[in-house]
Amino acid sequence: MTENVQTPEPEDTVADAVKGNWVDRFAPAPTRPYLRLSRADRPIGTWLLYLPCLWGLSLAMLATDSYSSHDLWTIGACAVGAFLMRGAGCTWNDITDRDIDGSVARTRSRPIPSGQVTVRGAVIWMVIQALIAFVILLSFYNTAIVLGIIALLPVAIYPFAKRFTWWPQAFLGLAFNWGALLAWAAHTNSVGPVPLILYCAGIAWTLFYDTIYAHQDTEDDALIGVKSTARLFGDDTRKWLRLFMTITVLLFGAAVVLACLDRSVLSLVIALGGPWALGWHLTWQTQRFDADDNDQLLRLFRSNRNAGFIPLPFFALALFV
């Protein structure tokens with residue numbers, strides 16, 4: 001009788017990383033701490049940064065009724081840029097939070113508090129990632145380049161937000177949904193009402209999923225004085241999740257309507273199916289929310305990658321109707 005033998009996790013793995021992730025299994029040992037700083041072992045953040053880019057580009061193509069090989073480049077460049085800038089942002093977050101992370105059970109195994117990477121090494125790694133992303137950014141229109149540079153401001157502020165406001169998730173939303181503006185500008189070389197409304201919809205979406213995520217740390221956060229919407233809402237969280245869900249769907253729908261003003265009614269109806277279907281997924285998450293089940297909280301948070309993809313087939317179909 002053959003026994004199933006599981007490959008043990010590396011001793012220096014991060015507590016909340018995806019089990020059996022490619023960094024732990026395949027990356028050369030010297031690179032693992034730096035890849036973990038970039039959250040390469042937890043790809044959900046890259047998806048959540050990338051998806052608003054795809055939304056913004058899709059609505060730009062619908063609004064202009066045009067697409068080209070440059071849009072394919074934008075799709076790929078935004079993917080690489082999301083990976084790099086998420087990595088740089090997470091590295092910056094871990095530099096600023098190194099003392100806090102050492103006091104929280106879920107984060108004390110991260111590379112800096114666990115001693116795997118020095119602060120100096122982390123700063124160098126952050127700069128390398130940001131510079132490569134900047135080189136990619138230079139391939140876009142000037143408006144997108146300017147937006148990409150401005151995006152550094154919310155990224156820089158976010159790690160400090162939980163020290164001075166109960167709404168750090170809002171600051172994360174400002175940073176994580178910037179791609180909606182940038183990708184629109186990469187297609188149109190402009191910014192207008194559609195991407196701005198879409199950006200606000202994305203912020204509401206981030207408030208939704210990151211409040212769920214933050215409930216994992218409420219006890220530790222209370223002990224060390226870190227603020228979050230999860231602590232602020234407490235037992236009323238499900239009510240707030242419904243509010244954020246409603247705002248997300250309504251604003252997303254408004255952006256779709258404005259983007260499709262010059263399109264056929266059928267195209268508009270199909271495109272509106274995207275926000276509507278996204279709303280159903282957020283409803284499903286809200287119904288299964290359990291503040292006392294950390295495993296469930298993490299599963300729901302990660303499910304937002306699938307949620308963010310839901311509108312895209314609707315937009316693609318609407319473009320060709």
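Val123 is found in helix α6, which spans residues 119-137; helices (H or I, at least four residues) and strands (E, at least two) are DSSP runs numbered from the N terminus. Val123 is partly exposed, with a relative accessible area of 33%. Here buried means under 20% relative accessible area, exposed over 50%, and partly exposed in between, with a 1.4 Å probe and protein chains only. Together with Val119, Val127 and Leu131, Val123 makes a nonpolar surface patch of about 280 Å². Such patches consist of residues with over 30% relative accessible area and no salt bridge, with like charges joined within 9 Å and nonpolar side chains (Val, Leu, Ile, Met, Phe, Trp, Tyr) within 5 Å.

## Basis of the model

This is a predicted model, in which local features need pLDDT of at least 70 and side-chain atom pairs count only at pLDDT 80 or more, while totals for chains, interfaces and linings use all residues. Residues are numbered from 1 along each chain as its sequence is written, and side-chain values use heavy atoms, with hydrogens and water left out.

## Overall fold

The protein has 18 helices and zero strands. Its radius of gyration is 20 Å, close to the 20 Å that the globule rule gives for 321 residues, so the protein is as compact as a globular protein of that length. The radius is taken over C-alpha atoms, and the rule is 2.2 Å times the number of residues to the power 0.38.

Of the 321 residues, 52% count as buried. The accessible surface comes to about 14,800 Å², of which 65% belongs to carbon and sulfur atoms; areas come from the Shrake-Rupley method with a 1.4 Å probe, and for residues only the protein chains shown count as cover.

## Nonpolar cores

A nonpolar core is a set of buried Ala, Val, Leu, Ile, Met, Phe, Trp, Tyr and Cys residues joined through side-chain atoms within 4.5 Å. The largest core has 69 residues, of which Leu59, Leu62, Phe140, Phe208, Phe252 and Phe315 touch the most other members. Helix α3 (residues 44-64) gives the largest share of this core, 13 residues. Apart from it lies another core of five residues, including Leu37 and Ile95.

Leaving aside neighbours within four places in sequence, Phe252 is in contact (heavy atoms within 4.5 Å) with Trp55, Leu59, Leu198, Ala201, Pro275, Leu278, Pro311 and Phe315.

## Salt bridges

A salt bridge is a side-chain nitrogen of Lys or Arg within 4 Å of a carboxyl oxygen of Asp or Glu. By this rule the count comes to seven. In one of them, the side chains of Asp94 and Arg39 meet at 2.8 Å, N to O. Asp94 lies in helix α4 and Arg39 in the loop between α2 and α3, so the pair ties together parts that are 55 residues apart in sequence. Asp94 counts as buried at 0% relative accessibility, and Arg39 is buried at 6%. Arg39, Asp94 and Arg110 are linked in a network of salt bridges.

Asp97 forms a salt bridge with Lys162, their closest N and O atoms being 2.6 Å apart. This pair links distant parts of the chain, with Asp97 in the loop between α4 and α5 (98-101) and Lys162 in helix α8 (residues 152-164), 65 residues apart. Both Asp97 and Lys162 are buried.

## Backbone angles

Most residues other than glycine have a negative phi. Arg39, although not a glycine, has a positive phi of about 60 degrees. Asn189 also has a positive phi of about 60 degrees; Asn189 lies in the loop between α10 (178-188) and α11 (193-214) and counts as partly exposed at 35% relative accessibility.
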